[in-house]
Amino acid sequence: MAELVRRYQGQVFALCYRMLGDRQDAEDMAQETFVRVLRSLERWDNTRHFEPWLLAIAGNRCRTLLATRKRRPDTSPIVADVPARGYDAEDQALRSLSEEVSLGLADIRAEYRQAFLMFHQHEMSYGDIAASLDCPLGTVKTWIHRARRELIDHLRLRGIVEGTSHAV
């Protein structure tokens, strides 16, 4: 189990963090993912790739937490933005873009976000994503397309990219 965690902890944590946007929640969900994997290892079909199965479990754990969050009021404090010091303009622009992408992803439906991150961050194929999420290939393509469109719309609304928004 230690070897399994060592090998995949970075990928699992990265997916959880991108889906949840909170380090502590991501750590908790990553840990819960490995506990679930250990309990379910005998049910894994070893004719299929392990990584998509593992990331599907992580994504499901995150979606469950996100659903729970929606039922609770947000109690996070409002923090004023403090400008970063010691970085040049290019670093600041990249940091700002990264933050905007994270904000945009946070507003996307959990299924879209999970498929998008599996494709773009983990470089999984559409087929592997469909297998790991146990849904049709066309659904995965649609989810990724919609995630891209919603992310671009978010960036347009925020003035990060030019063009008109698809949002209604």
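Is His122 buried or exposed? At a relative accessibility of 11%, His122 counts as buried, because buried means under 20% relative accessible area. Keep in mind as you look around that this is a predicted model.

**Around His122**

To find this residue, go to the loop that runs between helix H5 (110-120) and helix H6 (126-133). Once neighbours within four places in sequence are set aside, His122 is in contact with Gln11, Leu15, Leu55 and Leu117.

**The protein as a whole**

Stepping back, the protein has 7 helices and 0 strands. Following the chain along its sequence gives the pattern α-α-α-α-α-α-α. Take the contacts between residues at least 6 apart in sequence: 62% of them join residues at least 24 apart. As for the surface, the protein exposes about 10900 Å², and carbon and sulfur atoms supply 51% of that area.

| Share | Value |
|---|---|
| Buried residues, of the 168 residues of the protein | 33% |
| Residues with a pLDDT of at least 70 | 83% |

**How confident is the prediction?**

The average pLDDT of the protein is 82, and 83% of the residues score at least 70. Residues 74-84 are a stretch to read with care: their pLDDT is below 50. Beyond near neighbours in sequence, residues 74-84 have 1 contact in the model.

Notes:
Residues numbered from 1 in each chain as written. Predicted model: local features only at pLDDT ≥ 70, side-chain atom pairs only at ≥ 80, totals over all residues. Heavy atoms only, no water. Helix = DSSP H or I, 4+ residues; strand = E, 2+ residues; numbered from the N terminus. Buried < 20%, exposed > 50% of the residue type's maximum accessible area, 1.4 Å probe, protein only. Contact = heavy atoms within 4.5 Å. pLDDT = per-residue confidence, 0-100. Areas by Shrake-Rupley, 256 points an atom, 1.4 Å probe, with all protein chains shown as cover.
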